[in-house]
Structure formats: C-alpha cells, structure tokens
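I opened a new notebook page for this chain.

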Amino acid sequence: MNDTKKLGRPRSFDYDAALRQAMHVFWTMGYDGASLRDLKGAMGITGPSLYAAFGDKRELYLKTIDHYRDAEGCAPLVAFEAEEDIAAAIRAFLVEIIDSATGHESGAKGCFLASSVATTAGQVDGVSERLQAAIEEAQARLTARFEREVEKGTLPEGFPSEERAALLFDIRQGYMFQGRAGVAREALMRDLDARVRLLLSE
C-alpha cells in the first residue's frame, strides 16, 4: 500500500510578483480604496488562489508591508552600509531615497510605508507594530554605521551617532514627502552635498 501523501497542486503564479502587484494597488489606491476585484486583477489570480496563498485582504496588506520593508524599503540601508567612505555612504543613501521617491516602477511616488501605510495605523490591526519596528530597525542600522566610523577614527569620539541617524531618517522622510508632492528629482538633488556636510559636521 502506498502511504505517500498526495501533494497539493503547485502554485500557477509567481508569489513574489503577485505580492508586488498587490502592494502597488494598495500604494496607489489605499487600503480602503483597493477592492478585492482590483487586487485579483492586478495579481492575475482568482479569489480562491488569493485566499489560499495570502489570506484575506488584511493579511495580504500586512504581507505587502513586510515585503516592502524587507526588499524595496531596505535598499537605501543596504547602499548606506555598503560604502566604505562615510560621506559616500550618506550620499548613496540619499540618492537611493530620491530615486525611489520620484521614480518608482509602479508609478506611485513617495514611500509606501510613509505615504500609504501610515494612514492606516491604528485602523488596521498589525500596522502600527510593523511601522514602529521598521523605524526602530532603520535608525539602529544608521546609528551602527556612524558608530563604526567612530571606532575607525574617521569620526571623532563623542560624535552624536544616534542624533545624526535620527536626522538622516528625518531627511529621508522629507524627500519622500516632496517626491509624493511631485517635486522633480533634479530639485531634490540640488542641495545633496550640503546635507551630507551637515550630517558629518562636528
């Protein structure tokens, strides 16, 4: 007798690609504005497939938040940590932010978390915790990068790493807000060098 369990049918769609499409719908239409019909159409899947793979609308929404935080929202931090020179690291971080704020592939502008998800904090269970965790993680990684430079001696003892990390994060949010408002990339790039100098000033 064959005891091998019958395996479920494999998915006939790309899970990550479908999740990205759902994120784009939420980003442009908002949580309340995005209907299941909109989501299914963008994702290219049926209702049963959506529920089986992602759960209900709220669960799908939370999964898009996690995806953005782990992938797209993490790109500026990766750029910041990859550069050996701290001035180049700050510049790479800000350029990555400006690029994503003014030219996202979905057509949406700004930051998914700041521009869209933040409006549902306190209204959709699970959102506030995710936003707080994203902020804490970003600021911890920014602080650690500045502290690394203090240990190397390229930044002085007593350099306010935590405060500059918070300032860098605030500048990030400002760029995202301006991108959402339609400010051009060239305008945001104009004072980039001055901001880098400000962040490294003693």
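These are my entries, in the order I made them.

**Ground rules.** I am reading a predicted model, in which local features need pLDDT of at least 70, side-chain atom pairs count only at pLDDT 80 or more, and totals for chains, interfaces and linings use all residues. Residues are numbered from 1 along each chain as its sequence is written, and side-chain values use heavy atoms, with hydrogens and water left out.

**Confidence.** I looked up pLDDT, the predictor's confidence in each residue, from 0 to 100. The chain has a mean of 89, and 91% of its residues reach 70 or more. Contact here means heavy atoms within 4.5 Å. Where pLDDT is low, the predicted coordinates should not be read in detail.

**Make-up.** I counted eleven helices and zero strands. Both are DSSP runs numbered from the N terminus: helices are H or I with at least four residues, strands E with at least two. The C-alpha trace spans about 70 × 45 × 30 Å along its principal axes.

**H2 and H3.** I checked how helix H2 (residues 36–43) packs on helix H3 (residues 47–54): the angle is about 90 degrees and the axes are 10 Å apart. Axes are lines fitted to C-alpha atoms, for helices over the stretch in contact, and angles run from 0 to 180 degrees between N-to-C directions. H2 and H3 are therefore roughly perpendicular; that label covers 65 to 115 degrees, under 35 is roughly parallel, over 145 roughly antiparallel and the rest oblique. Leu36, Leu39, Lys40 and Met43 of H2 meet Gly47, Leu50, Tyr51 and Phe54 of H3.

**H5 and H8.** Next I took the axes of H5 and H8, which come within 10 Å and cross at roughly 10 degrees. This pair is therefore roughly parallel. From H5, Leu77, Val78, Phe80 and Glu81 meet H8 residues, among them Ala138, Arg141 and Leu142.

**Largest pocket.** Which residues lie nearest the centre of the largest pocket? I found Leu113, Ala134, Ile135, Phe169 and Arg172, out of 22 lining residues. A pocket is an open set of points on a 1 Å grid over the protein atoms alone, where a 1.4 Å probe fits, with protein on both sides within 12 Å along at least five of seven lines; lining residues have an atom within 4 Å of a point. H8 gives the most to this lining, with seven residues.
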